[in-house]
Amino acid sequence: MMTIESEGVTPTYMKLAQIKFCLALPEYANDKALKEQLLQGIKENNMTPYYKEVCEEFGWPVDNSLVEQMTAANAKKMEELEKEHDKHLMDEEDQVTGIWQAKLDYLCSIGDKKAATALAESKLEDATVPKSHRIEAVFTLFRISYFHNCNIKGMKVAIEKASELIEGISGGDWSARNKLKAYEGVWSLAIRDFSKAASLFVDVVPTFESYELADFGTIIRYTVLACMIALPRQELKKKLMHHGVMAQALHQQYQDLKEYFSSFYDGRYSDFLICLARVELEMKRDPLLFPHVRHYIQEMRLRAYKQILAAYRSLSLDYMAKSFGVSTNFIEDEVAKFAAAGRLQCKIDSVAGAVVTSNYISDAPEVSLDRNILYQQTVKKGDILLNRLKKLARVMDF
């Protein structure tokens with residue numbers, strides 16, 4: 001079993017994508033510390049193509065002397081890799097393969113999207129390349145799309161191709177399948193499939209080895225966020241706090257995520273909303289999660305409202321507001337909005353200042369409609385059917 005102490009190392013350049021994304025947000029556009037952090041990372045990795053891309057996107061002046069310096073370093077490294085290739089050309093195929101993979105990794109590390117994509121695609125389509133190495137090439141294509149602005153289309157194509165290649169391996173390849181779970185989990189988050197992401201991440205955390213994609217902390221965070229919105233309450237503790245490596249990580253290193261879970265699970269709703277505010281801020285800084293912030297925060301508040309209302313047939317708005325640490329007007333507006341949309345099985349008694357619920361509110365993602373809602377839907381569908389029968393009667397000759 002993997003332990004936190006055995007955690008691998010994620011390439012430093014992979015972390016620059018999030019910094020660049022933050023600088024594109026209005027609230028961080030003039031953050032000098034973030035800008036310096038991004039430029040420092042670019043210099044350390046001699047990321048000439050990426051530097052030019054960043055300067056063009058943000059309208060920054062190009063430092064020509066820096067470009068010349070980094071370009072020279074790039075050329076020198078590529079020359080060394082070419083010499084290694086020529087040296088081992090007549091040796092074992094694995095050695096030659098290792099050299100082109102090293103070249104591909106280097107192109108990725110300097111942010112040369114065009115050259116890296118071309119090399120990865122050429123090896124992917126080359127039938128003479130061993131299938132295991134072609135799988136690594138397609139994983140690299142996924143990382144290229146992930147790093148460069150979370151290109152969803154490119155990520156989707158890579159996942160489909162990786163799945164096809166891995167399924168075609170006779171006898172299976174545990175390492176490749178394990179990696180695919182991590183990559184597909186990230187992809188599932190990108191397309192807002194939280195249920196699938198939760199399932200994949202819970203499986204992959206104990207044996208996580210895809211450090212070239214993300215660090216272990218990021219995967220832990222993604223796992224908690226996906227589980228919190230996707231799993232029924234009764235499954236949360238089992239998957240998060242009784243799950244070996246996951247529980248160890250939450251207890252030892254990720255106290256903020258542990259508090260996010262426990263405040264919800266224990267019904268400490270005011271603490272939960274504070275944690276949810278922190279989650280919202282983190283999601284806004286993550287290019288993968290940013291498109292889903294509003295949906296996620298809304299759904300998590302809804303889950304909390306369902307949980308507190310599940311035990312009551314009637315609950316005062318004042319008590320509910322105090323439980324969440326917000327104003328009565330806020331709670332009333334929120335509950336009214338969800339009730340009107342059919343997401344909460346309740347109604348507001350303004351005279352009594354209370355929320356009146358049905359006898360049972362499901363905690364599962366698939367919410368069962370109460371009798372009133374079912375009655376309204378039946379009447380509506382009945383009216384539609386009667387109207388259609390009337391139209392049919394007009395054109396039929398009895």
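**Exercise 1.** Is Ser188 buried or exposed?

*Solution.* Begin with the model itself: it is predicted, so local features need pLDDT of at least 70 and side-chain atom pairs count only at pLDDT 80 or more, while totals for chains, interfaces and linings use all residues. Residues are numbered from 1 along each chain as its sequence is written, and side-chain values use heavy atoms, with hydrogens and water left out.

Now find Ser188 in helix H9, residues 174-190. Helices (H or I, at least four residues) and strands (E, at least two) are DSSP runs, numbered from the N terminus. Buried means under 20% relative accessible area, exposed over 50%, and partly exposed in between, with a 1.4 Å probe and protein chains only. Ser188 has 1% relative accessibility and therefore counts as buried. Beyond its neighbours within four places in sequence, Ser188 is in contact (heavy atoms within 4.5 Å) with Asp193, Lys196, Ala197 and Leu200.

**Exercise 2.** Work out how helices H10 and H11 are arranged.

*Solution.* First, take the angle: H10 (residues 194-204) and H11 (residues 216-230) pack at about 130 degrees, with their axes 8 Å apart. Axes are lines fitted to C-alpha atoms, for helices over the stretch in contact, and angles run from 0 to 180 degrees between N-to-C directions.

Second, classify it. Angles under 35 degrees count as roughly parallel, over 145 as roughly antiparallel, 65 to 115 as roughly perpendicular and the rest as oblique. H10 and H11 are therefore oblique to each other.

Third, look at the residues that touch: on H10 they include Phe194, Ala198 and Phe201, and on H11 Ile219, Tyr222 and Ala226 are among them. The contact of H10 with H11 divides into eleven nonpolar residues, two polar and no charged. Here Ala, Val, Leu, Ile, Met, Phe, Trp, Tyr, Cys and Pro count as nonpolar, Asp, Glu, Lys and Arg as charged, and the others, Gly among them, as polar.

Finally, visit the loop between H10 and H11, where you will find Tyr211. Tyr211 is buried, at 10% relative accessible area. Its C-alpha atom is separated by 5.9 Å from that of Gly8, 203 residues apart along the chain.

**Exercise 3.** Trace how strand S3 pairs with S1 and with S2.

*Solution.* Two strands pair if DSSP finds at least two bridges between them. S1 (residues 314-316) and S3 (residues 354-357) are antiparallel over three bridges, and Leu315 stands opposite Val355. S2 (residues 346-349) runs antiparallel to S3, joined by four bridges, with Lys347 opposite Val356. Four residues lie between S2 and S3 in their hairpin, and Gly353 in the turn has a positive phi of about 65 degrees.
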